[in-house]
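The stops below are meant to be selected in order.

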Amino acid sequence: YEGKAFRVIAPLENRSAVIMAVNLNQNDQDVNTSVSLKDYPFAGGMIQPYEGLWSMPEEGVLLYDHSTGAASILQEEYKFKLGAREERLVQLSPIQNGWSIIGRPDKYLSAAGFKLLSLDQQSMQIKMPEDGPILLWNEQKVPRSENFKFTKQGDGLWLGELVKSNISKEYRIDS
């Protein structure tokens, strides 16, 4: 891998995927690497039994960079530099009805922290195996819930702090 980053993709719940890029070069040189829209379908190839590559979501894919906490619609390519033995984890999540659910920001694999039960123009229903905060993205709408208090984070991100837990761990979020 001299001069290049080692990259691997893994599928998560809700048709989200994470890409880990690591600089494993022996000579301590920085490397430039990127994540592109072309990477997303390959997450489906990691699921067994093999059901084929994932199709691109109609509304696009949101890229969430865990190291910077920034989110953006992935256009063509997201470029970044890795220092010696540095790693970077980015999550790719589908955009549906104007929303993208990143998941639990306090977990390394954020999208594994919830299961999407339903999503339409007005509301979403999620189930969380473990209670905690939720991170959502929408550039146009403001999320509301009796269970979460949402605060705007910038870049279209909304952080929901759990204020009222349900025994069922199922939560409705309206827009």
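The tour goes from aromatic rings to strand pairing and then to a surface patch.

The model is predicted, so local features need pLDDT of at least 70, side-chain atom pairs count only at pLDDT 80 or more, and totals for chains, interfaces and linings use all residues. Residues are numbered from 1 along each chain as its sequence is written, and side-chain values use heavy atoms, with hydrogens and water left out.

**Aromatic rings**

How many aromatic pairs does a search of the whole structure find? The search finds four. Rings of Phe, Tyr and Trp (its six-membered ring) pair if their centres lie within 6.5 Å; planes under 30 degrees apart count as stacked, over 60 as edge-to-face and the rest as tilted.

Select F148 and F150. Their ring centres are 5.9 Å apart and their planes stand at 40°, so this pair is tilted. F148 counts as buried because its relative accessibility is 3%; F150, at 13%, is buried too. Buried means under 20% relative accessible area, exposed over 50%, and partly exposed in between (1.4 Å probe, protein chains only).

F148 and Y171 form an edge-to-face pair, with 5.3 Å from centre to centre and 70° between the planes. This pair links distant parts of the chain, 23 residues apart: F148 lies in strand β12 (residues 148–154) and Y171 in strand β14 (residues 170–174). Strands (E, at least two residues) are DSSP runs, numbered from the N terminus. Y171 has 0% relative accessibility and therefore counts as buried. Together, F148, F150 and Y171 form one aromatic cluster.

**Strands around β14**

The strands β10 and β14 run antiparallel and are joined by five bridges; two strands pair if DSSP finds at least two bridges between them. Within this pairing, M124 has I173 in β14 as its bridge partner.

**A surface stop**

Finally, select Y50, in the loop between β3 (31–36) and β4 (61–65). Is Y50 buried or exposed? Y50 counts as exposed because its relative accessibility is 51%.

Conventions
Helices (H or I, at least four residues) and strands (E, at least two) are DSSP runs, numbered from the N terminus.
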